Amino acid sequence: MTTKLYINGQWVESTSKQIIDVINPATEEVFETLAAANASDVDAAVKAAREAFDNGPWPKMSGAERAVILRKMATGITKRLVELSNLEVKDNGKPYPEAQWDIEDTAGTFEFYAGLAEQLDTEPEEVIDLPEPRFSSTVSREPIGVAGAIIPWNFPMLMAAWKVAPALAAGCCMVLKPSEVTSLTCLALGDIANEAGLPKGVLNIITGLGKDAGQALTEHPGVDKLAFTGSVPTGAHIMQVAAKQIKNISLELGGKSPLVVFEDSDIEKAVEWIMFGVFWNQGQVCSSTSRVLVQESLYPALMARLIEETKKIKIGAGDQDGVLLGPLVNKDQFEKVKQAIKRGIDDGATLAVGGGVPAGFDKGYYLEPTIFTDMPQDSWIWQEEIFGPVVCVKSFKTEQEAIEMANDSRFGLAAAVMSQDEDRCTRVAKAFRAGIVWVNCSQPTFCEAPWGGYKQSGIGRELGKWGFNNYLETKQITRFNSDEPWGWYIK
Ligand code: NAD
């Protein structure tokens with residue numbers, strides 16, 4: 001059965017009649033089909049959101065009233081924890097414990113933004129001091145309007161929550177377009193919203209291809225704000241299209257993040273964070289620390305342990321016990337990562353471990369966890385995002401050299417440093433040109449803290465109060481308080 005589109009609180013068929021196969025990456029079997037929305041479906045979804053924003057109750061409700069519904073949505077997600085986690089495993093391929101973590105975080109994100117919605121009610125209007133005593137100004141914040149959200153496939157439901165929860169908390173209405181590769185858990189938000197009593201049209205979910213549904217959403221004049229997470233080329237394209245209407249945009253893009261390990265680090269801890277930094281979610285993580293820099297004196301011992309532990313990672317379908325590396329998300333990504341590995345070998349990098357399809361896996365998009373060493377700093381494999389379980393390791397001599405090597409990238413999403421010397425960690429953390437820095441760890445993410453990148457890794461920040469601000473406009477109201485005439489034309 002083909003899934004439907006969620007427009008104006010109802011499930012409707014796409015007018016396109018086109019479908020997209022949903023494939024389980026562990027088995028390569030088609031287990032569902034999605035409606036492929038066209039421009040007319042997108043238009044209907046935007047019009048529903050527009051009507052809900054311009055004439056509906058949602059933006060006028062108090063933050064506390066909106067918070068009640070957001071919390072009910074969080075409860076609805078938590079109630080379906082097992083079902084949604086299993087669906088994410090089947091759709092995306094990730095190991096079950098990671099899927100469960102995603103769904104718990106999804107519910108947590110709705111809870112968190114419910115709290116910020118409540119705070120909006122108590123936020124006093126800011127009074128601005130003016131140099132002219134006859135005038136007074138106040139500043140307030142209002143929802144930005146109708147927001148369009150376009151998201152990737154690596155954390156399907158969680159990436160939706162990072163946009164839907166703050167937008168709704170702010171009083172915006174939204175059209176969400178999930179990735180065509182993994183739309184199923186995002187679609188579940190439709191029933192969860194209805195059960196929570198979200199007014200119709202506040203959230204609309206359209207499945208479809210980027211070039212059709214995504215493009216139509218980006219071009220639609222009824223959309224006030226676009227929030228995009230995905231690759232740099234698509235982000236650049238969206239920026240150009242949005243520029244024609246001066247649309248407010250925020251972009252969360254790719255990365256090639258460094259992890260710098262100093263010689264005083266504990267080897268066991270360093271090895272585990274390196275592995276977590278690049279192998280969780282099959283390395284399909286924008287902030288993955290896929291460039292590892294190890295201080296020369298620690299390098300041989302650390303590499304020996306890293307290779308030893310990497311060989312032990314249990315590969316398999318995400319629903320099997322103890323699996324820590326599932327299949328890549330689909331055939332395209334599988335082929336892309338295989339090409340990247342070939343390119344690394346062709347460019348002369350040393351393949352320290354992995355690099356191929358694991359033995360016994362002739363079905364499913366499985367790849368071995370892979371470690372490259374000895375690549376030049378300007379090589380493709382050291383510089384470009386691979387988005388798979390592939391890490392490149394180089395050695396360095398001094399702190400200054402490590403910082404220069406870490407910052408030598410067109411990306412600036414994340415960076416990490418490991419050392420027992422706290423002053424050194426602080427110095428290096430400050431020197432990184434990246435929006436997210438981890439000290440003595442890599443990857444843990446909290447919805448209270450800002451998320452986003454420097455350089456080509458994006459524009460703006462999600463999560464925390466920063467992510468909330470994405471969906472709020474700032475308004476000044478200036479009053480003339482004097483009984484005297486203005487006296488410019490009429491004396
Ligand atoms: P992608 O750019 O191919 O697709 C992302 C979304 O854009 C999908 O929904 C797709 O349908 C849509 N899209 C494609 N063409 C479009 C167009 N012309 N107009 C409008 N929408 C269009 O990215 P992906 O392969 O799904 O995800 C992987 C990328 O996402 C990686 O580069 C990764 O680093 C990045 N990412 C970044 C973050 C972050 O927070 N910075 C988080 C997750 C993923």
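A pocket is here an open set of grid points with protein on both sides within 12 Å along at least five of seven lines, and its lining residues have an atom within 4 Å of a point. In this predicted model, the largest pocket is lined by 49 residues and has a volume of about 1300 Å³. Both domain 1 (5–253 + 457–477) and domain 2 (258–439) contribute to that lining, so the largest pocket lies between them.

**Lining of the largest pocket**

- Trp 153, Ser 231, Thr 234, Gln 333 and Lys 336 are the lining residues that lie nearest the centre of the largest pocket.
- Two or more lining residues come from each of β3 (19–24), α7 (210–219), β10 (225–229), α8 (232–243) and α11 (331–346).
- The element that gives the most is α11, with eight residues.

**Surroundings of the ligand**

- The ligand is surrounded by 29 residues, and the closest of these are Glu 180, Ser 231, Thr 234, Leu 253 and Glu 385.
- Ser 231 and Thr 234 are named among the residues nearest the centre of the largest pocket and also among those closest to the ligand.

**Polar contacts and burial of the ligand**

- Ser 231 places a polar side-chain atom 2.6 Å from an oxygen atom of the ligand.
- For Lys 177, a polar side-chain atom lies 2.9 Å from an oxygen atom of the ligand.
- Gln 215 has a polar side-chain atom 3.2 Å from a nitrogen atom of the ligand.
- The ligand taken alone exposes 850 Å², of which the protein buries 89%.

Key
Residues are numbered from 1 along each chain as its sequence is written. This is a predicted model: local features need pLDDT of at least 70, side-chain atom pairs count only at pLDDT 80 or more; totals for chains, interfaces and linings use all residues. Side-chain values use heavy atoms; hydrogens and water are left out. On a 1 Å grid over the protein atoms alone, a cavity is a set of points where a 1.4 Å probe fits but cannot get out, and a pocket is an open set with protein on both sides within 12 Å along at least five of seven lines; lining residues have an atom within 4 Å of a point. Grid points are joined across faces, edges and corners, and a volume is the space filled by probe spheres set on the points. Helices (H or I, at least four residues) and strands (E, at least two) are DSSP runs, numbered from the N terminus. Domain bounds come from an automatic or database domain assignment. A residue is near a molecule or strand if one of its heavy atoms lies within 4 Å of it. A polar contact is a pair of N or O atoms within 3.5 Å; within protein, one must be able to donate a hydrogen and the other to accept it, and residues adjacent in sequence count only if both atoms are side-chain atoms. Accessible areas come from the Shrake-Rupley method with a 1.4 Å probe; for residues, only the protein chains shown count as cover.
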